[in-house]
Amino acid sequence: MEKEHVLIIEDDADIREGVRILLESESYMVEEVENGRKGLEALNEQTDLVILDVMMPGMSGLRTCEEIRRVSNVPVLFLTAKAQESDKLIGLMAGGDDYLTKPFSYAELLGRVKALLRRYRTYMGKNTESGRKEENYLSIGGIRIHESFNEVYVDDVEKEMSDIEYHILLLMMQYPKKIFSAQNLYESVWNEPYFYSCNSTIMVHIRKLRVKIEKDPKNPRYIKTVWGKGYKFDSLQK
């Protein structure tokens, strides 16, 4: 089996070394750089996951993530010293898929790394062309999504999706009549136990998704909020 490639972008040499040793002990291929600009230079088609520090001199982690999203849908795991919920949400809005607050345990880091890589590899999030057949697309209304690859079209225009955004949309389109509670959505997509604090994380990703697929995100046609219950994909598109 081909080894998975992880890129660490972190200005703290001790943290970089600790994370690298941990991941290499789990047989991952690891590359480490100390700032955002070098991280963008190191990013390539072989990269399966980026572990990105938020607070770095020069180009911040948030800016680096925004630049990554211009060219890749690779999962991004933020490392942040800020524990405020608003700071975490800003990271998600910048294009991150998940975050860990420093100090963190290596067990928790490894668990999140494996979860992100599992989703990315299972659904082959890389822009691989081989094996893409028309019957593997799911189409509802003006949205067409590939059921194995991170590939989404809205009115025949391709939309760049993060790993989490893609999986939320795919899940909701596969079950268009189902109302997904926050707990159901989180545990299905993140593959982790749900806590009430996860609600804000879900809301941010839903908001980002609406910006990409809706003509008017404030009055969504597709992803509807069912107040007091959750979210639903409206399959009755004309």
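In this predicted model, β6 and strand β7 (residues 143-146) are joined by 4 bridges and pair in the antiparallel sense. Within this pairing, Ser 139 lies opposite Arg 144 in β7. Helix α6 (residues 163-174) packs on the sheet, where it touches β6, β7 and β8 (152-154), and its direction makes about 110 degrees with that of β7.

The sheet in question is an open one of 4 strands, ordered β6-β7-β8-β9 with antiparallel pairing. Its edges are formed by β6 (137-140) and β9 (157-159); each has a single partner strand, so one side of each is left without a neighbour in the sheet. Averaged over the sheet and with direction ignored, neighbouring strands are turned by 25 degrees against each other.

Strand β1 (residues 5-9) runs parallel to β3 and is joined to it by 5 bridges, with Ile 51 of β3 as the bridge partner of Ile 8. Strand β4 (residues 76-80) also runs parallel to β3, through 4 bridges, and Val 76 in β4 is the bridge partner of Val 50. Together with helix α3 (residues 61-71), β3 and β4 make a right-handed β-α-β unit.

For readers with an eye on the cysteines, the count of disulfides comes to 0. Cys 65 has 0% relative accessibility and therefore counts as buried. Cys 198, with a relative accessible area of 8%, is buried too, as the cut-off for this class is under 20%.

Technical notes:
Residues are numbered from 1 along each chain as its sequence is written. This is a predicted model: local features need pLDDT of at least 70, side-chain atom pairs count only at pLDDT 80 or more; totals for chains, interfaces and linings use all residues. Side-chain values use heavy atoms; hydrogens and water are left out. Two strands pair if DSSP finds at least two bridges between them. Helices (H or I, at least four residues) and strands (E, at least two) are DSSP runs, numbered from the N terminus. A crossover is right-handed if, with the strands pointing away from the viewer, the path from the first strand over the helix to the second runs clockwise. A disulfide is a pair of cysteine sulfur atoms within 2.5 Å. Buried means under 20% relative accessible area, exposed over 50%, partly exposed in between (1.4 Å probe, protein chains only). Axes are lines fitted to C-alpha atoms, for helices over the stretch in contact, and angles run from 0 to 180 degrees between N-to-C directions. Contact means heavy atoms within 4.5 Å.
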